[in-house]
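Let's walk through a protein model together, one feature at a time. Have the picture open as we talk.

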Amino acid sequence: MRREVACFLLCLLAVSVSGGDNNTTEVAAKKDDTKDSSVICSSCICDKDTNLLDCSERSFRDMLLAEDWTPLNKSFSVYVVHFTRNQLTKIPAFPELPIQELDFSHNEINTIEKRAFKELRNLVYLDLSNNRLDINSINPDVFEGHYDPDEYEPLNKLRTLKLDNNNIHALKSENFEHLPHLRSLSLAGNPFQVIDSQSEMAITSIRYLEFLDLSRMELSGIPPHLLHTPRALKTLNITDNLLTQIPDALVFAKNLENLYLDNNLIPSLGTNRTKFALMPNLQFLSLSSMPLLERVEAGAFSGLTGLKTLRMSENPKLYFIHGDAMSRQGAEDPSREEWPDLTHLYLHNNNLTTIDMMMLANWEHLEVLDIRHNPWLCDCSNQWMVDRLLGHLHGDTERLLEDVICEHPIEMRGTKMIDLENTQLRCVDKYGHRPEHDGVILMGMLIGILVGIPISLMIVLIYRRGCFGLLAPRGPADYSRAFYKRAGQDDMYY
């Protein structure tokens, strides 16, 4: 009996030990799995609340491989991935991941594997800016996606592609054929110099493009039909180029809402080649930091009927804006003038001395007016600003007006224009003489009179007394008189 009980206990103990080993194995496996999933997170930031993997500035030279992503993907869903400011040179093909935003900016990437993003079906945002990519690095195969019966292997959800500041000189016409729903494209900072026919075809193939950045590309012109196909374009940035006139391509940009033309070489606006086309939907226009811009002529902005914000600042040579620069003939009544309903006007840091009152119809409706740091002429030509404008603007504009300072005439230099309220300003005469010169001229005349009259009287007095003879040269008659002596009375009888 004792032997049977002992055998039973031994069997029970064996089962218990065996079960314990299994549990220990499972716990160890879980620990190993947890350890594997934390390998990436030990080097990067893993934020499960925002589904973010941030591996920025970690001195990575090689990108993660497919097997490196597996444990991480089991740990949490990665939607946002940042690998900015590392030393990566190559992007390998990604495994299937739920990534929506991918940032590889500020690396040394010059190679991207074919179909590198094929398994990223949810990818919406891709930033490849500030790398070493060229025309061969971004060939069409790079952006191939899964087969779709309607589109040939597209990346259907990709909306934003940033290629700024690379070594791209041109595009291939098929570059974006696998990105049928791309909305935003940035090529800024690439040394194109010219948008050739292949590059033009690549850009015009993006039918639903809404944002296009062509800034800092050394462009002296824009192809006339570049904007013909992307009719949905809303924002165009062609800042920091070598343009000398308004691009003719804008005639097709009927739905454009925002236009940036800063820092180009346009000398004047309003001539035949520098007048804006009819763009009724344009609401924002920036023409700042133009080194050669001097004049804005009549009708320069007459085609911008829906304009709300105009930035025309930091133009060191801009001294003249015509009073009819923004007005146009009424659509129903040609004899009636119409103006855009501007809400924000920025004219600071130019070389303006006056503004024509008729430039806008309703100055009082402006929410922001910035006219600081101009050499303002505080005479009757700007009397309307003192009477009708400066005292009626409030909010942020009221603070900005503190820096609207008189430069001319000299006796008013440094005076705040808002301090001239209820002051009648003098006018410059038709010959261009300034009031500050009057005092100097009058003082000079008075001094001349006060000094000249006594001197003249003294000269006349000296002349009449004959004192001038003392200084005159002596002639023969003077020498003869010197030897003549009148005889006395006694000598007359001898």
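Q: To start with, what is the strand order of the open sheet of 3 strands?

A: Before that, some ground rules. This is a predicted model, where local features need pLDDT of at least 70 and side-chain atom pairs count only at pLDDT 80 or more, while totals for chains, interfaces and linings use all residues. Residues are numbered from 1 along each chain as its sequence is written, and side-chain values use heavy atoms, with hydrogens and water left out. Next, the general idea: helices (H or I, at least four residues) and strands (E, at least two) are DSSP runs, numbered from the N terminus, and two strands pair if DSSP finds at least two bridges between them. Here the open sheet runs β13-β15-β17, and the pairing is parallel.

Q: Which strands stand at the edges of that sheet?

A: Those are β13 (268-269) and β17 (320-321). Each has a single partner strand, so one side of each has no neighbour in the sheet. Take β13: it is joined to β15 (residues 295-296) by 2 bridges, and the two run parallel.

Q: How many helices and strands does the protein have?

A: You'll find 9 helices and 23 strands.

Q: And how much of the protein counts as buried?

A: The idea is to compare accessible area with cut-offs: buried means under 20% relative accessible area, exposed over 50%, and partly exposed in between (1.4 Å probe, protein chains only). In this protein of 494 residues, 41% count as buried. The areas themselves come from the Shrake-Rupley method with a 1.4 Å probe, and for residues only the protein chains shown count as cover. The accessible surface comes to about 27,600 Å², with 52% of it belonging to carbon and sulfur atoms.

Q: How many disulfides are there?

A: The rule is simple: a disulfide is a pair of cysteine sulfur atoms within 2.5 Å. By that rule the count is 4. Number the bonded cysteines along the chain, and the pattern reads 1-3, 2-4, 5-7, 6-8.

Q: What is the handedness of the disulfide between cysteine 41 and cysteine 46?

A: For this one, you look at the torsion about the S-S bond. Here that torsion is about -100°, so the disulfide is left-handed. The sulfur atoms of cysteine 41 and cysteine 46 are 2.0 Å apart. Both ends are partly exposed: cysteine 41 has a relative accessible area of 26%, and cysteine 46 has 22%.

Q: Where do cysteine 378 and cysteine 406 lie?

A: First, the bond: their sulfur atoms are 1.9 Å apart, and with -90° about the S-S bond the link is left-handed. Cysteine 378 is in the loop between β22 (376-377) and α5 (383-389), and cysteine 406 is in strand β23 (residues 406-408), so the pair ties together parts 28 residues apart in sequence. Cysteine 378 is buried at 2%, and cysteine 406 is buried too, at 1%.

Q: What about cysteine 380 and cysteine 427: is their link left-handed or right-handed?

A: That link is right-handed, with 135° about the S-S bond. Cysteine 380 lies in the loop between β22 and α5, and cysteine 427 in the loop between β23 and α7 (436-464), so the pair ties together parts 47 residues apart in sequence. The sulfur atoms are 1.9 Å from each other.

Q: Which side chains make polar contacts with serine 173?

A: A polar contact is a pair of N or O atoms within 3.5 Å; within protein, one must be able to donate a hydrogen and the other to accept it, and residues adjacent in sequence count only if both atoms are side-chain atoms. The side chain of serine 173 has one of 3.2 Å with the side chain of glutamate 174, and one of 3.2 Å with that of glutamine 198. Serine 173 sits in the loop between β8 (160-162) and β9 (184-186) and is buried, with a relative accessible area of 15%.

Q: Which residues is asparagine 73 in contact with, leaving aside its neighbours within four places in sequence?

A: Contact means heavy atoms within 4.5 Å. For asparagine 73, the list is Glu96, Leu97 and Pro98. Asparagine 73 belongs to helix α3 (residues 66-75), and its C-alpha atom is 8.8 Å from that of proline 98, 25 residues away along the chain.
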